[in-house]
Amino acid sequence: MNCQEVMDYMQRQLDDDLDEREIEILMTHTRHCPECTAMMERLQMLSSGLTSLPKVTPSYSLVDAILPRLAELQTAQEGIETDAKPFGMTSEQSESARRLPSKRKWTDRFSIRALGGVIAAGVIVGLFIVNYNPNRSPGDSDGNMTASSEDRSSFVAANDSAASDTAMDTTDSANAAAANEAAPAEEPQTEAAPSSSDDQSMLKSMDSRNVDPNGETMPPLTSASEDNGEPVVKGNSPNYEFSGQSDGGAAADAGATDNALEDTGDVANKADTEVSDTDHQNSIASKEPVMASPISKDGNYQAFVVEDTVRIYTVQDSLMIFQGPKRAEIANLKWSEDSSVLTYEAKNADGTKQVYAVDPKTQSEQLQSSK
Amino acid sequence: MVEPGLIKAAQAGDGEALISLLREIENHVYRTAYYIVGNEQDAMDAAQEALIRIYTKIGTYEEKAQFKTWVQRIVTNICIDKFRRSKPTVSIDEHEMVFQDHQSVEEEVLSSYAAQDIRKAIDKLPEHHRAVVVLRYLQDFSYNEIADSLDLPLNTVKSYLFRARQQLQTYLHDYQRGGVRG
């Protein structure tokens, strides 16, 4: 056997394609042929190098990125057919799905059970709107720490207890703390809250939940976008859930209504399918909708808190470009002046507050400081 | 490996199953794209296009083929057809591949090749040879699976793979001897 034929054997050996007899032939040859031995070593080194090439993964979820395009395809294919549910997903993934316009027939999912919560939510939202102090200006939630305690506590209570009847006491600052504490006990009602009806109460309740976990108002999303003369409220924008904000929550446009109802469908669906997992269910219901940062000053990015992770989306395409790790009590999402860094606070496992800085360009996150 | 049940459900029009399916394969799709087109941005574009094509064509998948080879056929076709590069470009800062210094290795016996060098060498291969290598090593495909994916006869796959390895070995050996790089 000459060296050229042996070369073929060597190659096949790299793929474990030789039988025992062939291995024997190969070995016999290489024992007496230093050149082939050297070649075989190099090929084996190459092969193991190829095997250990980095198993690269995309820097963001490609499926999430193409969901809007899939939605368009679906719409194009099926016209206005309403029964398709192309974006139905597992619970972990539902977040991104709910940001997208889809043609899901939400009425199919609507449960009678949710209706009670809906009515309760409507009542609470009504109360909330009455108590709501529109002077709370955007962007200076810290400065508002000194706002009247009555106003403040009504915020906290109305948000923590969402649909709970105890929120009715919120105008009375003395009762506010009690209302707050009572909130967890009212969980079942709270969880029904997002399952709103087809009236406008849903949109209003969206408004009422436009606060961070500390009960502080988040800046209205529309302020930044108006500056840019670029309306943010679009059907497939991740921030559609706040769309009622721009016009006082009373008269949202039809698109926003659709989206809100979409959301409703999803939550109602969850309530039906995840009865066994009450904790999870509660977390979904009580944390919805997501908390949002203002839009970055350059108008390119907006961050959201979804399932205890910070996620940054591009305003233009609603693409998720960054997702941080799970952290507790994420708050105070802020963009730097030049829009290059998003900072946010979160609680460490030991309870200390830490500030993280995210660079949307490099999609990386760094611990900035601990308090 | 993707569950057959999930594929069936996706083909039957279950949108939820189809999206789950795409999520399961997206890393595999991206990986192939990355090593064939040679840079992150084009790989993202190619992989997204492949996933969209899979989304729209899922109905045309037939069970007689393996699902993974069907998927890889789509992504390799897209990479070869649409992202064919006019000239080889090499970027060294992606995915933190360390560019090792080989200035003084002439007399050293190296036990391995640097990943970056291997990648650069792969980039020099003709497209089909590159695709064969990528499927063999990044997807761990057998000769037959590669043949199915690339629609090539088995013997052609073998000869491409063998020639590609021979070529890579030559490039890398030259690097190691302190010869011309890149």
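Predicted model: local features only at pLDDT ≥ 70, side-chain atom pairs only at ≥ 80, totals over all residues.
Chain A, which has 371 residues, is built from 14 helices and eight strands. Of the residues of chain A, 52% count as buried. Among the contacts in chain A with a separation of 6 or more, 52% are accounted for by residues 24 or more positions apart.

The size of an interface is often given as the accessible area lost when the parts come together. For chain A and chain B the area buried between them is about 4,000 Å², of which 63% is given by carbon and sulfur atoms. The contact draws on 44 residues from chain A and 44 residues from chain B. Across this interface the rule finds 17 residue pairs in polar contact, counted where both residues have a pLDDT of 80 or more. On the side of chain A that touches chain B, the elements that give two or more residues are helix H1 (3–14), helix H3 (34–51) and helix H4 (62–78) of chain A. H4(A) gives the most to that side, with eleven residues. Four salt bridges are also found across the interface of chain A and chain B. In a salt bridge between Asp15(A) and Arg136(B), the closest N and O atoms are 2.6 Å apart.

Side chains of opposite charge can pair when their charged atoms come close. Over all chains, the count by this rule comes to 16 salt bridges. Within chain A, Glu22(A) forms a salt bridge with Arg12(A), with the closest N and O atoms 3.2 Å apart. Glu22(A) lies in helix H2 (residues 20–32) of chain A and Arg12(A) in helix H1 of chain A, so the pair ties together parts that are ten residues apart in sequence. Both Glu22(A) and Arg12(A) are buried. A salt bridge also joins the side chains of Glu345(A) and Lys353(A), at 3.3 Å from N to O. In that pair Glu345(A) is buried, with a relative accessible area of 10%, whereas Lys353(A) is partly exposed, with a relative accessible area of 34%.

In chain B, Lys68(B) forms a salt bridge with Glu145(B), and the closest N and O atoms of the two residues are 3.3 Å apart. Because Lys68(B) lies in helix H4 (residues 67–82) of chain B and Glu145(B) in helix H7 (residues 143–150) of chain B, the pair ties together parts that are 77 residues apart in sequence. Lys68(B) is partly exposed, with a relative accessible area of 25%, and Glu145(B) is buried, with a relative accessible area of 13%. Salt bridges that share partners also join Arg12(A), Asp17(A), Glu22(A) and Lys158(B) into one network.

Helix H4 of chain B also holds Thr76(B), which counts as buried at 1% relative accessibility. When residues up to four places away in sequence are not counted, Thr76(B) touches Thr32(B), Ile36(B), Leu135(B), Ser149(B) and Leu150(B). Helix H2 of chain B spans residues 15–37 and bends by about 45 degrees at Ile25(B). H2(B) is mostly covered, with 19 of its 23 residues buried. The N-terminal end of H2(B) is capped by Asp14(B), a side-chain oxygen of which lies 3.0 Å from the backbone nitrogen of Glu16(B). After H2(B) comes Gly38(B), whose phi is positive, near 85 degrees.

Most residues other than glycine have a negative phi, and most peptide bonds are trans. Glu329(A) is not a glycine, yet has a positive phi of about 50 degrees. This residue lies in strand E5 (residues 328–335) of chain A and is partly exposed, with a relative accessible area of 47%. Asn332(A), likewise found in strand E5 of chain A, has a positive phi of about 55 degrees although it is not a glycine. Asn332(A) counts as buried, at 14% relative accessibility.

Note on methods
Residues numbered from 1 in each chain as written. Chains lettered and ligands numbered in written order. Heavy atoms only, no water. Bend = angle between axes of the 7 residues up to and from the residue. Helix = DSSP H or I, 4+ residues; strand = E, 2+ residues; numbered from the N terminus. Buried < 20%, exposed > 50% of the residue type's maximum accessible area, 1.4 Å probe, protein only. Polar contact = N/O pair within 3.5 Å; in protein donor to acceptor, adjacent residues only side chain to side chain. Contact = heavy atoms within 4.5 Å. Buried area = accessible area lost by both parts, 1.4 Å probe.
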